[in-house]
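Welcome to a short tour of a protein chain, written for someone who likes to check each value against the coordinates. Please open the sequence and the structure side by side before reading on.

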Amino acid sequence: MHAATVTETRRVVYDDATVRGFVWFSVVWGAVGLLVGLVIALQLSFPALSFDTSWLTFGRLRPLHTNAVIFALVGNMMFAGVYYSSQRLLKVRMASDLLSKVHLWGWQLIILGAAITLPLGITQSKEYAELEWFLDILVALVWVAFAVNFFWTLAVRNEKNLYVSIWFYISTVLTIAVLYIVNNLSLPVTGLKSYGVFAGAQDALTQWWYGHNAVAFFLTTPILGIMYYFLPKAADRPVFSYRLSIVHFWALVFLYIWAGPHHLLNTALPDWAQSLGMLFSLMLWAPSWGGMLNGLLTLRGAWDKVRTDPVLKFFVAGVTFYGMATFEGPLLSIKAVSALGHYTDWIIGHVHSGALGWNGFMAAGMFYWLVPKLFGTKLHSQKMADLHFWIGMVGILLYVASMWVSGVSQGLMWRAETADGGLQYPDWNAVINSQQLMYLARSVGGGLYLVGWIMMAWNLVATAMSGRAVTVETEVTVEKAVPQPGEPTTTSILGSKPVVISLLGMIAATMFAMPSIGLAVLGFVLLAAVFAFAGSMLFHSTHQGRHTWHEAIESRPLAFSVLTLLAVLVGGIYELLPGLVADKAVPLTANGEVCVQPYTALEIAGRDIYVREGCYVCHSQMIRPFRSEQIRYGAPSRIEESMYDHPFQWGSKRTGPDLARVGTKYDEAWHFDHMWDPRYGAEYSIGNAGQSIMPRYPWLFDAKVDTAVVADKLRVLKKLGVPYTDEQVAKATADYRTQADAVAGRLAAKGKKSEPDSEIVALIAYLMRLGKNLEPAQGKTASLQGGK
């Protein structure tokens with residue numbers, strides 16, 4: 001039975017000032033992020049471009065580049081699209097102008113904070129989550145302001161049913177809050193330093209649960225929502241398939257959250273977690289391509305416009321790049337493919353095809369369509385927009401193709417062996433420098449993309465100057481539903497057949513997930529649950545094509561949000577809970593010695609310097625169980641070796657070699673010379689096979705470690721479960737000085753003068769510790785008592 005309706009007319013004035021603010025900030029910050037990216041790309045060919053300056057090194061600027069592109073360029077673009085489209089789709093002004101302003105300016109304050117702190121080395125070293133604890137709090141507060149404003153607007157909307165774009169926005173608002181808070185849980189040591197609550201494999205799993213799904217729910221779902229609104233508007237065509245959009249949305253939000261472990265394939269992570277990530281990554285092919293096809297087929301009958309309309313050019317190319325990236329992602333999640341591609345430049349190409357092609361082109365298309373409407377005028381120059389498209393397209397293709405060639409070449413060269421079983425390319429620098437032509441091509445491609453972005457900025461400014469800011473005032477017809485007897489309530493919807501079937505499938509999956517019966521059965525059950533959910537919805541469809549159950553939840557934001565959150569949380573719980581609740585055990589040697597000892601106070605200080613300088617950006621600490629890696633680096637890494645690492649240092653890219661066993665390969669004097677000048681005084685020339693492209697670190701030889709906080713660091717780590725005794729915490733400063741004096745003494749004996757409290761001594765002590773854990777005996781463990 002359908003509810004009766006009463007109609008009335010209301011006058012609405014949209015808040016487009018906030019939209020304009022987000023647009024301009026996206027354009028400006030985007031140019032900054034792209035420029036920093038070009039600088040660090042050139043540094044891989046010309047390492048002198050760091051100018052021996054701490055805040056200009058690759059390790060410190062690379063996190064600034066990624067944060068600027070993700071959270072400044074795409075973030076501001078996403079918020080502009082959400083604010084503009086939500087008001088039109090809900091036929092109401094945003095609920096609170098104050099919260100809109102708090103969101104706009106608070107977000108820019110966060111970005112400014114990142115632009116200051118990251119080059120200064122104030123970082124947690126977690127990819128896409130580098131910001132320290134005080135900025136994390138600000139992120140949470142600003143996101144809450146956004147969420148309250150968004151859901152408040154849903155509550156006072158003048159349109160009963162929620163359009164597909166709003167579905168994707170809901171998933172973004174809810175999921176990013178969960179992801180960011182969980183991954184950034186930490187205990188502060190000082191005003192600028194904290195340690196995350198997770199360590200080692202737990203931290204790795206949590207980080208890539210966040211990292212992968214930051215891509216999913218910050219760079220994908222909101223942009224899909226923008227696609228579903230702006231692409232039909234620009235093409236003047238309805239969305240191709242409402243039914244396909246339903247399947248696309250629910251399958252995507254359910255499956256995406258499980259796929260994080262595919263970033264950790266062939267590592268020390270338990271095999272069940274790796275296989276789980278691979279399985280769900282492969283399943284993501286279907287909904288991702290369903291969304292791409294839904295977008296492209298929306299243009300049916302309007303393809304002739306693509307030839308002349310730059311907006312549609314950008315949208316079509318952006319959606320196509322989305323399809324390419326979501327094909328390549330599952331491909332790279334296959335263990336055999338990951339074994340070749342992981343840690344190489346192939347991953348860099350994959351990431352940038354999504355960031356520049358999907359996000360960047362969707363941003364450009366939206367801006368070219370939106371800015372003329374925000375200022376009541378026409379686009380200043382369509383020819384320049386067309387030129388921007390072709391310059392940007394050539395730039396992306398040059399960038400991605402060069403990284404594909406470089407990445408595959410690196411992967412093959414790293415594993416190549418001679419006839420007698422040795423490495424064919426034992427010299428690391430020779431492998432990296434063999435790809436310098438590809439690095440230069442990448443820089444040219446990135447430079448072209450930046451030129452196109454600057455052209456767009458000029459075109460948009462000229463457009464705005466030719467008009468003036470428009471305040472849109474419109475009359476909307478509001479249909480107020482009058483509840484009828486027998487009409488389903490929110491409670492009855494949450495207890496309906498599709499929800500019950502899905503919950504039963506999840507319970508069955510739990511029963512199969514815990515015993516070691518095999519992930520094949522688990523995958524089958526979960527797949528059955530997904531198809532039962534979809535099938536149940538289709539069962540409720542009539543022959544006229546109506547979807548009564550889904551239409552019911554579309555008109556109830558609370559029910560829709562609860563179901564979305566449930567679909568997201570179940571994957572996170574299954575993925576993270578086993579690792580978080582497992583008892584920690586310390587492996588023992590045959591003689592009963594503990595294999596893994598916590599870091600000393602000096603080594604902790606050195607690890608913090610390692611993190612500050614961004615060494616994790618170029619070096620991994622995870623030797624995979626491959627013959628070639630064992631020959632090059634040593635024995636494969638064991639899961640317990642990083643159990644006291646807050647944060648974990650497994651890495652995601654090898655511009656330099658793996659360092660998991662570096663403490664067993666070189667002496668302290670070698671590290672001293674290497675940090676002073678990786679090229680040992682020789683003049684660098686591009687392509688010189690034997691020369692390192694690592695920057696110099698002369699400031700480490702003069703800077704002093706703040707020994708006053710050494711005991712505080714151990715005290716916080718003890719609270720987090722590292723088994724320091726109270727005596728060790730009390731003696732931390734004295735122990736630091738004793739070990740530092742010993743290291744400085746050994747360096748002095750080899751003619752390397754350094755002060756015991758210098759940062760270089762602490763860093764060397766940390767590097768010398770890596771790989772010196774003892775071999776465990778089979779099955780012998782002792783419970784971790786947390787310092788008791």
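## A guided look at the chain

E640 counts as buried, because its relative accessibility is 11% and the cut-off for burial is under 20%. Keep in mind throughout that this is a predicted model. E640 sits in the loop between α24 and α25. Its side chain makes a polar contact with the side chain of R638, at 2.4 Å. Setting aside residues up to four places away in sequence, E640 touches P587, V596 and P776.

The loop between α24 (627–632) and α25 (668–676) also holds P647. Here the peptide bond from H646 to P647 is cis, with omega near 5°. As background, most peptide bonds are trans, and most residues other than glycine have a negative phi.

F51 lies in the loop between α1 (17–43) and α2 (58–90), while N266 belongs to the loop between α8 and α9 (271–283). Their surroundings can be read from the accessible areas. F51 is exposed, because its relative accessible area of 55% is over the 50% limit. N266 is buried, because its value of 12% is under 20%.

Here are the relative accessible areas of the residues picked out in this report.

| Residue | Relative accessible area | Class |
|---|---|---|
| E640 | 11% | buried |
| F51 | 55% | exposed |
| N266 | 12% | buried |
| N433 | 6% | buried |
| F315 | 0% | buried |

**The whole chain**

Stepping back, how many helices and strands does the chain have? There are 29 helices and six strands. Of the 788 residues, 61% count as buried. The chain exposes about 29900 Å², and carbon and sulfur atoms supply 66% of that area. Sequence separation is worth a look too: among contacts between residues at least 6 apart in sequence, 83% join residues at least 24 apart.

Helix α15 covers residues 382–415, which makes 34 residues. From its first C-alpha to its last, α15 reaches 50 Å, close to the 50 Å expected at 1.5 Å a residue. The N-terminal end of α15 is capped by S381, where a side-chain oxygen lies 3.0 Å from the backbone nitrogen of M384.

Helix α8 runs over residues 242–256 and has 15 residues. Its end-to-end C-alpha distance is 21 Å, close to the 21 Å expected at 1.5 Å a residue. At the start of α8, a side-chain oxygen of S241 comes within 3.4 Å of the backbone nitrogen of R243.

Is α8 mostly covered or mostly uncovered? It is mostly covered, with eleven of its 15 residues buried. Among those buried residues are W250, F249, F254 and Y256, along with S245 and H248. In general, an α-helix has 3.6 residues a turn, so residues three or four places apart point the same way.

F315 has its place in helix α12 (residues 310–332). Why does F315 count as buried? Its relative accessible area is 0%, so F315 falls under the 20% cut-off. Leaving aside neighbours within four places in sequence, F315 is in contact with F230, L231, A234, M362, G365 and M366. The C-alpha atoms of F315 and M227 are separated by 7.8 Å, although these residues are 88 places apart along the chain.

N433 is found in helix α16 (residues 428–433). With 6% relative accessibility, N433 counts as buried. A polar atom of the N433 side chain lies 2.7 Å from the backbone oxygen of Q691.

**Enclosed space**

Rolling a probe the size of a water molecule over the atoms shows where empty space is left. In this chain the count comes to six cavities of 30 Å³ or more. The second largest cavity holds about 230 Å³ of space. Of the 20 residues that line this second largest cavity, the closest to its centre are Y599, E641, S642, D645 and N773.

Technical notes. Residues numbered from 1 in each chain as written. Predicted model: local features only at pLDDT ≥ 70, side-chain atom pairs only at ≥ 80, totals over all residues. Heavy atoms only, no water. Helix = DSSP H or I, 4+ residues; strand = E, 2+ residues; numbered from the N terminus. Expected span 1.5 Å × (residues − 1). Polar contact = N/O pair within 3.5 Å; in protein donor to acceptor, adjacent residues only side chain to side chain. Buried < 20%, exposed > 50% of the residue type's maximum accessible area, 1.4 Å probe, protein only. Contact = heavy atoms within 4.5 Å. Areas by Shrake-Rupley, 256 points an atom, 1.4 Å probe, with all protein chains shown as cover. 1 Å grid on protein atoms, 1.4 Å probe; cavity = no way out; pocket = protein on both sides within 12 Å on 5 of 7 lines; lining within 4 Å. Points joined across faces, edges and corners; volume = space filled by probe spheres on them.
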